[in-house]
Amino acid sequence: MVARSSEVRPSAVRHSASPGAGGRRRRGAGRLAGLGLGGVALLVLLTGCDVGAAFDGFGWPQGGISAESRRMYDLWIASCIAALAVGVFVWGLIFWCVVRYRKRGNALPVQTRYNMPMEFLYTIAPILIVSVLFYYTAIVQTDVDKLSKNPDVTVEVVAFKWNWQFNYRDGQGPEARTTASTLGTSEVIPVLVLPTNRSIRFEETSRDVIHSFWVPELLFKRDVMPGKIRNVFEVSSLETEGAFVGRCAELCGSYHAFMNFELRVVSPEKYDQFLAAKQGGKSTQDALAAIGEEPYAETTKPFDTRRTQSNFNPDDAPAFPGS
């Protein structure tokens, strides 16, 4: 009679490699090599075409009109490609392991615990990826925030409920002198006229609450702060002529959604003529017409203030019973 404690219980034991194990390993290595070659081929194809246009910018707005907008757009596209490449590689490994190491009896697959090269790979690789993305992000951000000592054009952006004023300045800072100005009203959308191929500094300030200066084609926006804060940024050059809608991107009150303006980008020669006409006493609309431009905004229109109507208590409203 055998003692209970001496009974031998079956346990999962790793069997020695079968004669065909070497062939299976070679086939697995071949699959991995094929996956790697496929990833390389995909990257080559992606770099050989306009990836942003093919995939609608991966959610990022397209059609930037400044050098800074193109750099931010390129960084976004490169980051998306890198993320997709890593994702495809990881998903491929997951599915390959699911198929390759699915259960085929009681034998355990080859264990990879304490495999130092593999642990080193999946620890260092993410650090390298994040470091590279951080490096290029820091470079682009520094370039976008860079200020020059003597920009070609300086514009003071003044926001207020619920419109804009654009002051063309002869220097930088609050002590500079305004040489021409455009003021928006409820009836006329303000048009900000700027030249191509010149560096432009924007100095922003608000008369009441926080607003936000946003031209979608610049691919970024800047808050406009009240008080003594002047939010300053620069665009090294505008590269595309045309009319572009501008908006307030910060919820600032009842008519926030209608606080629009228009950016009109013209040639340097037309800009000089426009500024001379403004300094000569012409209105913004007359100065625009003088250089052959549409005098009023083309991309947006004034909102209906309904100031001529009694919105809440119309005169012809029927009286309620008992009044």
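Reader: In which helix is Val-90 found?
Author: This is a predicted model. Val-90 belongs to the nonpolar patch on the surface. The helix where Val-90 is found is α3.

Reader: Why is Val-90 called partly exposed, and what is its relative accessible area?
Author: Buried means under 20% and exposed means over 50%. Val-90 lies in between, so it counts as partly exposed. Its relative accessible area is 39%.

Reader: Which helix gives the most to the nonpolar patch?
Author: The patch includes Val-86, Trp-91, Ile-129 and Leu-133, and has about 1000 Å² of accessible area together. Two helices, α3 (67-100) and α4 (116-144), each supply at least two of its residues. With nine residues, the top contributor is α3.

Reader: Is strand β6 largely enclosed or largely open?
Author: β6 covers residues 211-215. Four of its five residues are buried, so the rest of the structure leaves β6 largely enclosed.

Reader: What is the bridge partner of Trp-214 in β7?
Author: β6 and β7 (residues 220-224) run antiparallel. Five bridges join them. In β7, the partner of Trp-214 is Lys-221.

Reader: Which residue takes a positive phi in the hairpin of β6 and β7?
Author: Four residues sit between the two strands of this hairpin.

Reader: Which residue in β9 stands opposite Phe-213?
Author: β6 also pairs with β9 (residues 242-248). The pairing is antiparallel, over two bridges. Opposite Phe-213 stands Cys-248.

Notes
Residues numbered from 1 in each chain as written. Predicted model: local features only at pLDDT ≥ 70, side-chain atom pairs only at ≥ 80, totals over all residues. Heavy atoms only, no water. Patch = residues over 30% accessible without salt bridge, like charges linked within 9 Å, V, L, I, M, F, W, Y side chains within 5 Å. Areas by Shrake-Rupley, 256 points an atom, 1.4 Å probe, with all protein chains shown as cover. Salt bridge = Lys/Arg side-chain N within 4 Å of Asp/Glu carboxyl O. Buried < 20%, exposed > 50% of the residue type's maximum accessible area, 1.4 Å probe, protein only. Pairing = 2+ DSSP bridges.
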